[in-house]
Amino acid sequence: MKRRGKGTDTPRENCTVDEPLRTESAKGPANDEGWTASRISKMLPGDEKFEKVCGFRLSDLQSYKKFVALMYRPTDPASLGVARALFGLCMVIDIVEERGFSDIDLKWGDPMICHFPLIHGMKPPRLPWTIALYTLMWIGAGGVMIGFCFKLACGCFLLPYWYFFTLDKMNWNNHSYLYGVVSILFWGTGASNYFSIDAKLSKSKDNSVPLWNYFILKFQFFALYFLAGLKKSSQEWLDGYAMMNLSRHWVFDPFKLLLTTEQIDFLIVHWFGFIFDLTVGFWMLFDKTRLPAMVFCTSFHLMNSRLFHIGMFPYVCLATMPLFCHVDWPRRIEAWFYSSRLESSLSDDEVQENLKNEYANGIDEKPQESCSEKLVEMKNFEDPCEQNVRKTDDDGESNFDETGACPRQHDTWEQNCTTEGNKDQDRSDQTSIERKLDLRQSVREMVSSDSKYMVKSRKKSYNESSVTKKQKTVVALLLFHVFMQLFLPYSHFITKGYNNWVPGLYGYSWDMMVHSWDTILVVIKIHDNVQNEDHYLDPQAWVQGDRWSKHGDMVRQYAHCLKDNLMLQRQKARASGRQPSETEHWARLSTNLSIYIDVWCSLNGRFLQRVFDPRVDLLTADWHPFQPVSYLMPLMTQFSSYRNRLDEIQRDVYAWSNYTDVLFVADYPGMQLENYIDEDLSNVTLTVLEGQVIYREDSWQQGVTVAKGNSLEVSPGEFHNVQTISYNPACLMYTFTNGTKQKLEARGEIIPPLKPKDAFPIFKEIKYRFNAWKRTLGHIADAFFYLAYDVPMLRRIRIN
């Protein structure tokens, strides 16, 4: 006899596993304290409720070893496998479209195009080898999608992807960075253990995956939403200045029934976007809130796919949303279809008619079909049971046979059928129709319980004593990844060289759509120090896009690229032996050049102002990734409160006529603004809102001082110069009328063009994608014949 508690004798066979046994000699305060702590831990309902909600116990976090055991708990790979296949499909499409495989000859074919690598000095390979790397990346994405040679396919996709990612910062954005990170995470998981060719070919009896496979991917997408919400908590976003006039798009038409466009921009775009990003990750984690969260999330991403040109990003988010669901949801769907097939085989018209007759007559005229006959039909179906997990229930009874394999489902059917038959014999008063309905119900439960059985077997606790050093290292790397993903968006105090008016490059910051840039003017002046001549260059020369104009490191890279191209043109002009008018311009250039770039931008509805100091020669300017950009002009945040007044002035000017417009400019003391007013503009007026300036036209001998609140007329068709002479920055306002357009429309010579609305835009997108894939296959064929048989390649060029 054993003693349980104090003064109570309890037989040993009545003790449960959860109640530790004590002998009379096991006395003392230490044992009493341990027993009490264990009992209290078992009696507390909070831990069980926590496990029901979160899927693990708080005790699993009491030590690092227990946490590692939790992360290696065997888990059903079904949801992971489906997410892998959908992600691979999105990447197959993304490589053709947003990565630019269909236009690879335009993007990477011209050796004079300026690229902006993360590591200065990197050069892209020649076009045939670029196509070869893209083809390898494309094949790798296809392998990820179908789950064939999964690890090798991930490597084939990842290595070229990150190579081209670091080769040009102009293409950086948050979702491109996300694709690369998620691909690395998939590479380390067992995502090919389900819904893949590898799973079909595998002979392994255990296809479960560690729980961390789900944990790290769910964290990554949780961080995507949560960090984007934190970034939107800035005053710029909450005040409604980041995404102005977005409500004009047709996707917001349903909201216009109740709200004005200004209210939609402020309440729906800004405030709802902030609340959604900040909280949707939490709602997706819990069963009771997951369904409405997924409905909102689906609507959100589908709207974004229409609002912005962001490629496959909305569809990647949609494809990975099921990761937040129960891990066995694909098996449940599979079991439901399997049950439907089995149900249809057991329900022919003749049986239904007999059942109706028996129910109507109240007698059993037809003998019951034997269990063996039903078992024959059941065995004709494929057994969904997977021999993959060894499980021992809490009551100590094994769910596996002696070989360690999962028992065949028809064996379970046979046992249940026999049990059902025995019950039918004991219940002689049960009618035939009740027996048949019970049999069908048991078939439904047995088939649908297959996925539940698989999930139950995977919810067993991983043995803490079997934790290895390798597993501890893997979990440590996962925690390091979590830390880095939370730290990188706020690490811009380290990488100061990549900051401009806002911190960091637009890649890993998750500040999606938080900053709205409006670039009005870019002036590139090339000064020949030998000839003492100034040359002006088109800001679109040898570059694709204008993102470079807002980042100090890329502006400097562009200046050096321009000089290299100019020297190459000079060398070609002198080597040609001819001196036509076009080549004389290049041949007269010296090698001693200075390049100055003046960029005028507005950030989130502020005044237009200079981004960089136009007096700094960018070829000799110093830049370091960990030092602030020395030639960056600071943002005039002191005039941020002016934006409300600017909105009022703008509405007032627009009310003058359909042809009037306004432009707001701010400049620093001592700086000069040189501007040219086109002859098509009339009634041009310059008004000083803040500060004091000197206005001078080319035909004037002396300038005119204009103080705050004063205005003067500006002559069109001439250059003029505005110099700030006040101690504080000057704020200017240009108002003008498009006179030419007004006169032509008054005479009826032009009609305002109406953009036709495409009745079926989906057809246009399908046609575009078809042509893109056709060009992609053509590029692959051209590169193959060039590399294999030295057949010349045709390449398109851009014509401005």
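Guide: Let us begin with a bond: Cys-114 and Cys-561 form a disulfide, with 2.0 Å between their sulfur atoms. This is a predicted model, in which local features need pLDDT of at least 70 and side-chain atom pairs count only at pLDDT 80 or more, while totals for chains, interfaces and linings use all residues. Residues are numbered from 1 along each chain as its sequence is written, and side-chain values use heavy atoms, with hydrogens and water left out.

Visitor: What makes Cys-114 and Cys-561 a disulfide?

Guide: The term stands for a pair of cysteine sulfur atoms within 2.5 Å, and the sulfur atoms of Cys-114 and Cys-561 are 2.0 Å apart. By this rule the count comes to 1 disulfide.

Visitor: Why is the disulfide of Cys-114 and Cys-561 called left-handed?

Guide: The torsion about its S-S bond is about -90°, and therefore the disulfide of Cys-114 and Cys-561 is described as left-handed. The pair links distant parts of the chain, 447 residues apart, since Cys-114 is in the loop between helix H5 (104–108) and helix H6 (127–146), whereas Cys-561 is in helix H21 (residues 552–575). Helices here are DSSP runs (H or I, at least four residues), numbered from the N terminus.

Visitor: How do you know whether Cys-114 is buried or exposed?

Guide: Buried means under 20% relative accessible area, exposed means over 50%, and partly exposed lies in between, with a 1.4 Å probe and protein chains only. Cys-114 has a relative accessibility of 3%, so Cys-114 counts as buried. Cys-561 has a relative accessible area of 15%, so Cys-561 is buried as well.

Visitor: Why is H8 called roughly antiparallel to H10?

Guide: Axes are lines fitted to C-alpha atoms, for helices over the stretch in contact, and the angles run from 0 to 180 degrees between N-to-C directions. Angles under 35 degrees count as roughly parallel, over 145 as roughly antiparallel, 65 to 115 as roughly perpendicular and the rest as oblique. The axes of helix H8 (residues 174–188) and H10 come within 9 Å and cross at roughly 170°, which means that H8 is roughly antiparallel to H10.

Visitor: What makes H3 roughly perpendicular to H20?

Guide: The axes of helix H3 (residues 64–71) and helix H20 (residues 469–487) come within 10 Å and cross at roughly 90°, so H3 is roughly perpendicular to H20. The contact includes Tyr-64 and Phe-67 of H3 and Lys-472 and Leu-479 of H20.

Visitor: Which residues touch the most other members of the largest nonpolar core?

Guide: A nonpolar core is a set of buried Ala, Val, Leu, Ile, Met, Phe, Trp, Tyr and Cys residues joined through side-chain atoms within 4.5 Å. The largest has 136 residues, of which Phe-186, Ile-524, Trp-548, Tyr-558 and Ile-597 touch the most other members. Helix H10 (residues 212–231) gives the most to this core, with 11 residues. Apart from this core lies another, of 18 residues, among them Val-665 and Leu-732.

Visitor: What is Trp-548 in contact with, leaving aside its neighbours within four places in sequence?

Guide: Leaving those neighbours aside, the contacts of Trp-548 include Phe-116, Met-170, Ile-524, Tyr-558 and Ile-597.

Definitions and conventions: Helices (H or I, at least four residues) and strands (E, at least two) are DSSP runs, numbered from the N terminus. Contact means heavy atoms within 4.5 Å.
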